[in-house]
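Notebook open, structure loaded. I want to go through a pocket, the cores and a handful of residues.

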Amino acid sequence: MNGTVTVLDKGAVRIHSYMSPADTFHATTQLIETPARIVAIDAQLNPAYADEAVAYAKSLGKPVDRLIITHAHPDHYNGAARFAAPVHALPQVREQIIARGDSTLPTGETVPLTDFTPDVAVVPGTETIDGVPFVFEAVSGGEAADELLVKLPEQGVLVAQDLVYHDVHLYLGNNDITGWEKAVDALAAETGYDTVLAGHGLPAGPEVYAGIRRYLADARALLGDDGEAYKKAIVDRYPTHTGPFLIDIANRSLFGAGH
């Protein structure tokens, strides 16, 4: 296996957090194992890494009940077809995915829109799946225009995905640092959650929020009108963070195609 899996035992629920290698910025697929099934969250940029997550899920001996896509960025949905399960997303996220159209992998291979278009709408609120309450909340602004936050209150697990990165450079291409700060402040105000699942990086605890807040403040101070200068400055500030290529991708949105 090229990726790594972190297993967290939460009693009736076990969390299996699959993290891709650094070449796809440690993107995560969360496999929530309930007594009789698996709820998968997000599906990787590289379908080959989605295959690894699926193979691992199959090794647990339980069916994948559904795949939930949290937001409309290809590193979280390209591999959706590999899960062979209904694909769930917020209606606004589905619309954004459709608007983006087919996805092109770094290899140049095209993943057609039909491979990852969500077909089931997530309704914010509480849904009990296999006896386990899942709380679905829509969050606007931040890393993406719209994101789905998933909470497991009985297990103290908050599936933040790309609202939180853990020791990985942040993607700022949505150009909404203020919105992201507000989202992180709201997460930090949550009580009863000792486990935070990040969209990039290993699972963490609530202490991860301070690091995100600090990075966003530094990014605001360092961003100017030169993407290369910003990249050098932020990498120098956070030399142990992985995923500097994320900065290049974001810079094309922030500063134009020349970056």
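My entries follow, one topic at a time.

**Ground rules.** I'm working with a predicted model, so noted: local features need pLDDT of at least 70, side-chain atom pairs count only at pLDDT 80 or more, and totals for chains, interfaces and linings use all residues. Residues are numbered from 1 along each chain as its sequence is written, and side-chain values use heavy atoms, with hydrogens and water left out.

**Largest pocket.** I looked up the volume and got about 570 Å³ for the largest pocket. A pocket here is an open set of points on a 1 Å grid over the protein atoms alone, where a 1.4 Å probe fits, with protein on both sides within 12 Å along at least five of seven lines; lining residues have an atom within 4 Å of a point. The volume is the space filled by probe spheres set on the points, which are joined across faces, edges and corners.

Which residues lie nearest the centre of the largest pocket? I found Pro74, Asp75, Arg100, Tyr171 and Ile249, out of 28 lining residues. By class I read 13 nonpolar, 9 polar and 6 charged; Ala, Val, Leu, Ile, Met, Phe, Trp, Tyr, Cys and Pro count as nonpolar, Asp, Glu, Lys and Arg as charged, and the others, Gly among them, as polar. Helix H2 (91-100), E7, strand E13 (157-165) and helix H6 (245-255) each put at least two residues into the lining, and H6 gives the most, with 4. Helices (H or I, at least four residues) and strands (E, at least two) are DSSP runs, numbered from the N terminus.

**Ser103.** I placed Ser103 in strand E7 (residues 103-104). Ser103 counts as buried because its relative accessibility is 5%; buried is under 20% relative accessible area, exposed over 50%, partly exposed in between (1.4 Å probe, protein chains only). Its side chain makes a polar contact with that of Asn78 at 2.8 Å. That term means a pair of N or O atoms within 3.5 Å; within protein, one must be able to donate a hydrogen and the other to accept it, and residues adjacent in sequence count only if both atoms are side-chain atoms. Beyond four places in sequence, the contacts (heavy atoms within 4.5 Å) of Ser103 include Pro74, Glu109 and Phe116.

**His169.** This one sits in the loop between E13 and helix H3 (177-188). I checked burial: His169 is at 1% relative accessibility, so it counts as buried. The side chains of His169 and Tyr215 make a polar contact at 3.0 Å. Among the other residues His169 touches, I listed Tyr238, His241 and Leu246.

**Cores.** The largest nonpolar core has 44 residues, and Ile32, Phe83, Phe134 and Leu152 touch the most other members. Such a core is a set of buried Ala, Val, Leu, Ile, Met, Phe, Trp, Tyr and Cys residues joined through side-chain atoms within 4.5 Å. Helix H1 (residues 47-59) gives the most to this core, with 6 residues. Apart from it lies another core, of 34 residues, with Phe25, Val208, Tyr230 and Tyr238 among them.

Gly125 is in strand E10 (residues 125-129), partly exposed at 29% relative accessibility. I noted contacts with Phe134, Val135 and Phe136, leaving aside neighbours within four places. Glu95, in helix H2, counts as exposed at 55%. Its C-alpha is 8.7 Å from that of Ala72, 23 residues apart along the chain.
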